[in-house]
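User: I am new to this structure. Please show me how to read its features, one at a time.

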Amino acid sequence: MKLSIILAPYDSGLYHAGFGQGPDAIIAGGLVDELALRGHDVVVEDIGEVGDAQKREIATGFAVCRAVATKVDMARDDERFPIVLTGNCLTAAGAVAGDAADSLIWIDQHGDLNTPETSAYGFLDGMALATTLGLCWRPMTSAIPGFKAIDPSRCMLVDARDLDPDERRLLETLPIIRAQWTDALDNIRKLKAAGAAQAHLHLDLDVHDPDVLQVNRYALPGGPNPEQLRQLVCGLAKSIPIVGITLSAYDPAFDAKGEVPPVVGQLLGDFLAAHARI
Ligand SMILES: NC(=[NH2+])NCCC[C@H](N)C(=O)O
């Protein structure tokens, strides 16, 4: 399979800091060799330094989205399956614009459903799903090439166990499909009933049970272990056409033993094998 691995190594506007070191650490952990050994033709591209270092989080966060949307669109033109390795979750808004998904599977410890009105810290990643669903930052998303907000009824939120009170309230008003990692596959039919035909898979690596795999500073217990998550994404790949994937929020500073990159290699390798079979 032809693949394009697109690196967006940012953490809230900072290039190669914090979460922004995750993509490089995953590549250094041997991802390209792992996928090449499985017979894939892999190209890797870093979007490079974009945005405005002075205005950092907002300007750069959306500049990253625009750059990623363009790279993903180019990958599709070249018939390459786009894999975006990103620090920030907000990048999913760019990836979805580039791969023209009509639906979204969002697997995450968090809801990422804050808006500028509800966010306690103004942290853009905590608004990443709300942004992708068109609930906020519309002047910014309208400048992302190809961006079309995903209808909330075509979004499945999986395992969001750490929700802020306003996120809970918002969820009550929206037709988002909620699932646990244990019943996400059963809920795919609801996504399809809402008209989902080409899904984007967003995987915030902090969905892992932190007692088994610590991925970043967030550590609310619960969530799948790597093997359970691997089985879930393989099951998803066989259940619905997936047109692109984002993997986010790995901060190597919390992974002294370097356990996350091989987990990601195996997960992606097996996901792609399952994907090729539909
Ligand atoms: N993608 C993430 N890292 N999300 C964490 C969000 C934490 C918190 N709910 C916030 O909005 O600030």
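Analyst: Start with a term. A residue is buried when its relative accessible area is under 20%, and exposed when that area is over 50%. In this predicted model, helix 4 shows the idea: Ala-92, Ala-93, Gly-94, Ala-95, Val-96, Ala-97, Gly-98 and Asp-99 are buried.

User: How many of the residues of helix 4 are buried, and why does it count as largely enclosed?

Analyst: Eight of the eight residues in helix 4 (residues 92–99) are buried, so the rest of the structure largely encloses it.

User: Now a single residue. Where does His-40 lie?

Analyst: His-40 is in the loop between helix 2 (31–37) and strand 4 (41–46).

User: Is His-40 buried or exposed?

Analyst: Compare its accessibility with the cut-off of 20%. His-40 has 13% relative accessibility, so it counts as buried.

User: Which residues is His-40 in contact with, leaving aside neighbours within four places in sequence?

Analyst: They are Met-1, Leu-3, Leu-35 and Leu-272.

User: What about Arg-168: where does it lie, and how does its accessibility count?

Analyst: Arg-168 sits in helix 7 (residues 165–173). Its relative accessibility is 44%, so Arg-168 counts as partly exposed. Arg-168 and Gly-111 are 57 residues apart in sequence, and their C-alpha atoms are 8.7 Å apart in space.

User: Let us step back to the whole chain. How many helices and strands are there?

Analyst: The protein has ten helices and ten strands. Buried residues make up 57% of its 278 residues.

User: Why does the radius of gyration agree with a compact globule?

Analyst: For 278 residues, a compact globule would have a radius near 19 Å; the protein has 17 Å, which agrees. The C-alpha trace spans about 45 × 45 × 40 Å along its principal axes.

User: What share of the contacts join residues at least 24 apart?

Analyst: Take contacts between residues at least 6 apart in sequence: 74% of them join residues at least 24 apart.

User: And the surface and the charges?

Analyst: The protein exposes about 10,900 Å², and carbon and sulfur atoms supply 50% of that. There are 23 positive and 38 negative charges, and their mean positions are 5 Å apart.

Key. Residues numbered from 1 in each chain as written. Predicted model: local features only at pLDDT ≥ 70, side-chain atom pairs only at ≥ 80, totals over all residues. Heavy atoms only, no water. Helix = DSSP H or I, 4+ residues; strand = E, 2+ residues; numbered from the N terminus. Rg over C-alpha atoms; globule rule 2.2 N^0.38 Å. Buried < 20%, exposed > 50% of the residue type's maximum accessible area, 1.4 Å probe, protein only. Contact = heavy atoms within 4.5 Å. Areas by Shrake-Rupley, 256 points an atom, 1.4 Å probe, with all protein chains shown as cover. Lys, Arg positive; Asp, Glu negative; His and termini not counted. Charge placed at Lys NZ, Arg CZ, Asp CG, Glu CD.
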